[in-house]
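Work through the following exercises with the sequence and the model side by side. Try each task before you read its solution.

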Amino acid sequence: MSISLEVLDKYLNAELGVAKIADYCPNGIQLSGRKTVKRVMSGVSASQALIKAAITWKADLLLVHHGILWDRDSRVVTGSYKKRLQLLLEDDLTLMAFHLPLDAHPVFGNNAQIINRLDLVQGEPFGRYKGGSISFCGMPKEAISMVDFAKRVKKCFGGSPLILDFGPKKIKKVAICSGGAPEMIREAKECGADLFITGEASEFVYHYAREEGINFIAAGHHRTEMFGVQALGEHISEKFTITHKFHNIPNPI
Ligand SMILES: [Zn+2]
C-alpha cells in the first residue's frame, strides 16, 4: 500500500498538534521529495549516515526527531549541511521532522514512551516551555527504592547513565524530560519529584541535586529520544499499511 505525502503530512501535523506547540525548528515536512510514500525509515537525527541508510533501504520518507533546519543555525548552504541536502535532493527523498511535538505527545511522545517502558503511571504535565509543556511526571505502580529504579533505568536505555543519588531512597514520583534539559531539574524539585531523568547533564546539576536532595539521572540525549519516532513510525505503518523500519545510528551522547 501507499499514501500521498500530502495526506500523511496533514495527518501527522494534526495528530501531533504541531500548530499548538512553539518550537525552534519547522515541524512536519522539512524537504519535500517523492509525492507517494510506501516505505518509511525512522531515526533520531537526520545525519548523513541516517540519510544514506534510508537511501540504501529505498525509503520514500525519512522520519526523524532532529531534522536539519534549526532557527539557531546559519542559513548558508555549505559543508555538512550542504551534503545532507545534496543526498536528500539527489534521491528525491522526503525529510519529515517532529521535534517538541514528539516529546510532548501523550501516546507516541518520547516521554510518554519512556513512562511506559519504565512501568510508570502517567501523571501531571511537566517540562514548561513557552506557555505549554512538553512532558509528564510518572509514578511507580508499587513502592520502589532508588537503587532498584536505577537498575530499571539502565535496562531501559542501555549505555552508562550518569546517576546522582542525592535524593530520597524511595521513589514515588519521577519527573522526565527526554533530550537535553538539565535545567529542568529545578522544576522537578518544585513539583515534588524524587528523581529527575533527562538525557544530558550540566555542571551545575551535581551541586544542585546534592544541595536540594533530589536524585538525577542523565540517560543519554540520543537514548532518551529513540522511542518516540519509533512509535510514530509503527503507528503510521499500521494505520496506512505502509512499510516502516527504525534505523539506529548509535550515539554515546
Ligand atoms: Zn533532542
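**Exercise 1.** Find how many residues of domain 1 are in contact with residues of domain 2, and state where the two domains run in the chain.

*Solution.* Begin with the bounds, which come from an automatic or database domain assignment: domain 1 covers 3-98 + 225-245, and domain 2 covers 104-221. Residues are numbered from 1 along each chain as its sequence is written. Next, apply the contact rule, by which two residues are in contact if their C-beta atoms, placed from the backbone, lie within 7 Å. Nine residues of domain 1 then meet 14 residues of domain 2, while the C-alpha centres of the two domains lie 28 Å apart. Keep in mind that this is a predicted model, in which local features need pLDDT of at least 70 and side-chain atom pairs count only at pLDDT 80 or more, whereas totals for chains, interfaces and linings use all residues.

**Exercise 2.** Determine which residues touch the most other members of the largest nonpolar core, and which helix gives the most to this core.

*Solution.* A nonpolar core is a set of buried Ala, Val, Leu, Ile, Met, Phe, Trp, Tyr and Cys residues joined through C-beta atoms within 7 Å, where buried means that 20 or more other C-beta atoms lie within 10 Å of the residue's own, placed from the backbone. The largest such core holds 66 residues, and Leu62, Val174, Ile176 and Phe196 touch the most other members. Helix H9 (residues 227-240) gives the most to this core, namely five residues; helices are DSSP runs of H or I with at least four residues, strands are runs of E with at least two, and both are numbered from the N terminus. Domain 1 and domain 2 each supply at least three residues to the core. Now follow Val174: leaving aside residues up to four places away in sequence, Val174 touches Leu120, Cys137, Gly138, Ala193, Leu195 and Ile197.

Definitions and conventions. Buried ≥ 20, exposed ≤ 12 C-beta atoms within 10 Å, placed from the backbone.
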